[in-house]
Amino acid sequence: MREDLCTRPAVLHGGAIMAFADTLGGVGTMLNLPEGAGTTTIESKTNFIAAAPIGTRVRAEATPLHRGRRTMVWQTRISTAEGRLVALVTQTQLVLEPRTA
C-alpha cells in the first residue's frame, strides 16, 4: 500500500479499498461472460472491519456468490498478509448483452 492511497491517520482510504474490490468483481464477471458481453457494477456494499496502516500489504480474494445470465454477485475479502480482515465487500454486476450491428 502506498502513501497516496492513505487518509489520516496514515491508513488505507476506504475508497481505495472499494475500488480494489470493484476491480476484482468486475474482472471475475468478465471472465464468466459470453463472448462480446460486458458488465457494470449496479450495487456495492462495504463493511470496514479494521484499519490497514501505511506499509501494510493487503490481499484480496473475490468469490462468486451467484453467476447468473443477467447478474453476478461477488464477495471480496480484503485482509492483511497476516490474515487480519480489513473489509468485506459484496457487489452485484449487471451482464450487458453483446451489441448487434
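Student: How many bridges does β5 make with β6?

Tutor: Nine bridges, with β5 (residues 71–80) and β6 in the antiparallel sense. Strands here are DSSP runs of E with at least two residues, helices are runs of H or I with at least four, and both are numbered from the N terminus. Two strands count as paired if DSSP finds at least two bridges between them.

Student: What should I know about the model and the numbering?

Tutor: This is a predicted model: local features need pLDDT of at least 70, side-chain atom pairs count only at pLDDT 80 or more, and totals for chains, interfaces and linings use all residues. Numbering starts from 1 along each chain as its sequence is written, and side-chain values use heavy atoms, with hydrogens and water left out.

Student: Back to β5 and β6. Which residue in β6 does Trp74 face?

Tutor: Trp74 stands opposite Gln91. In the hairpin of the two strands, four residues lie between them, and Gly83 takes a positive phi near 100°.

Student: What's the strand order in the sheet?

Tutor: β3-β6-β5-β4, an open sheet of four strands with antiparallel pairing.

Student: And which strands stand at the edges?

Tutor: β3 and β4 (58–67). Each has a single partner strand, so one side of each is left without a neighbour in the sheet. The twist averages 20° from one strand to the next.

Student: How many bridges join β3 to β6?

Tutor: 10 bridges, between residues 38–48 of β3 and residues 85–96 of β6. Thr39 stands opposite Val95 there.

Student: And how many join β4 to β5?

Tutor: Nine, again with the strands antiparallel. His66 has Val73 in β5 as its bridge partner.

Student: New topic. Where does helix α1 lie?

Tutor: α1 (residues 14–30) lies across β3, β4, β5 and β6, at about 45° to β6. Axes are lines fitted to C-alpha atoms, for helices over the stretch in contact, and angles run from 0 to 180 degrees between N-to-C directions. Contact means heavy atoms within 4.5 Å.

Student: What span should α1 have for its 17 residues?

Tutor: 24 Å at 1.5 Å a residue, and the end C-alpha atoms are 24 Å apart, which agrees. The expected span is 1.5 Å times one less than the number of residues.

Student: Which residues of α1 are buried?

Tutor: Ile17, Ala21, Gly25, Gly26, Gly28 and Thr29. Buried means under 20% relative accessible area, exposed over 50%, and partly exposed in between, with a 1.4 Å probe and protein chains only. Down the axis of α1, the buried residues fall within an arc of 160°, so they line one face of the helix. That arc is taken from the directions from the helix axis to the C-beta atoms.

Student: What covers them?

Tutor: The cover includes β2, β3, β5 and β6.

Student: Pick Thr29. What does it touch?

Tutor: Thr39, Met72, Trp74 and Gln93, leaving out residues up to four places away in sequence. Thr29 has 0% relative accessibility, so it counts as buried.

Student: Switching to charges. How many salt bridges does a search of the whole structure find?

Tutor: One. The criterion is a side-chain nitrogen of Lys or Arg within 4 Å of a carboxyl oxygen of Asp or Glu. Glu97 pairs with Arg70, and the closest N and O atoms are 3.0 Å apart.

Student: Where do the two residues sit?

Tutor: Glu97 is in the segment after β6 and Arg70 in the loop between β4 and β5. They are 27 residues apart, so the pair links distant parts of the chain.

Student: How accessible are Glu97 and Arg70?

Tutor: Glu97 is partly exposed at 45% relative accessibility. Arg70 is partly exposed at 37%.

Student: What about the peptide bond from Arg8 to Pro9?

Tutor: It is cis, with omega near 5°. Pro9 lies in the loop between β1 (6–7) and β2 (11–12).

Student: What is phi of Ala10?

Tutor: Near 55°, a positive value in a residue other than glycine. Ala10 lies in the loop between β1 and β2. Its relative accessible area is 33%, partly exposed.

Student: Last one. What pattern does the protein follow along the sequence?

Tutor: β-β-α-β-β-β-β, from one helix and six strands. Of its 101 residues, 31% count as buried.
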